[in-house]
Amino acid sequence: KAEVFLFRAGVPPYDQENPIQVLVNRVADVSETSRDLKLFYVMAESDGKKPPPNLDRAGYIKYRLDTQIEGFFIPTARKLAKKSSMLKTCQALLATGSAAIGLVAGSAGGAMT
């Protein structure tokens, strides 16, 4: 996926004289190094999405980066912020509870032992 976006954007290494051959060579290298994963490739289903159009710098940012930021990073950050807030509340409640237990135990003057 990353190679397709780099190819469509025409950035290095695809800014050379024959970018299609560079793409073919890089895909062949990836295919060679991932030979043991071919079973998973056969079992995988296409998501049906069309490849991105030819991209300039702004198009790359829009199609590649903005979609990742808006579709994954921001929603994930919101979920984690909610969990963090809940954990901070639990931490405060536990700290208050332990202080209260310490106060009760201290004011009992050792009678609880």
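A crossing of two helices counts as right-handed if the near helix is turned clockwise from the far one by less than a right angle, and as left-handed if the turn is anticlockwise. In this predicted model, the crossing of helices H1 and H4 is right-handed. The protein chain holds 4 helices and 0 strands, and its elements follow the pattern α-α-α-α when read along the sequence.

**The chain as a whole**

- Of the 113 residues that make up the protein chain, 9% count as buried.
- The accessible surface of the protein chain comes to about 9600 Å², and carbon and sulfur atoms contribute 63% of that area.

**Packing of H1 against H4**

- Two packed helices are described by the angle between their axes together with the distance between those axes.
- For helix H1, which covers residues 2-9, and helix H4, which covers residues 57-107, the axes come within 10 Å and cross at roughly 165 degrees.
- Because angles over 145 degrees count as roughly antiparallel, H1 is described as roughly antiparallel to H4.
- On the H1 side the residues in contact are Ala 2, Phe 5, Leu 6 and Ala 9, and these meet Tyr 60, Tyr 63 and Arg 64 on the H4 side.
- Sorted by class, this contact of H1 with H4 comprises 6 nonpolar residues, no polar residues and 1 charged residue.

- Most peptide bonds are trans.
- The bond that joins Pro 12 and Pro 13, by contrast, is a cis peptide bond, with omega at about 5 degrees.
- Pro 13 is located in the loop between H1 and helix H2, the latter spanning residues 19-33.

- When neighbours within four places in sequence are left aside, Glu 3 is in contact with Tyr 14, Leu 23 and Arg 26.
- Glu 3 and Tyr 14 are separated by 11 residues in sequence, while their C-alpha atoms are 9.3 Å apart in space.

Key: Residues are numbered from 1 along each chain as its sequence is written. This is a predicted model: local features need pLDDT of at least 70, side-chain atom pairs count only at pLDDT 80 or more; totals for chains, interfaces and linings use all residues. Side-chain values use heavy atoms; hydrogens and water are left out. Helices (H or I, at least four residues) and strands (E, at least two) are DSSP runs, numbered from the N terminus. Buried means under 20% relative accessible area, exposed over 50%, partly exposed in between (1.4 Å probe, protein chains only). Accessible areas come from the Shrake-Rupley method with a 1.4 Å probe; for residues, only the protein chains shown count as cover. Axes are lines fitted to C-alpha atoms, for helices over the stretch in contact, and angles run from 0 to 180 degrees between N-to-C directions. Angles under 35 degrees count as roughly parallel, over 145 as roughly antiparallel, 65 to 115 as roughly perpendicular and the rest as oblique. Contact means heavy atoms within 4.5 Å. Ala, Val, Leu, Ile, Met, Phe, Trp, Tyr, Cys and Pro count as nonpolar, Asp, Glu, Lys and Arg as charged, and the others, Gly among them, as polar.
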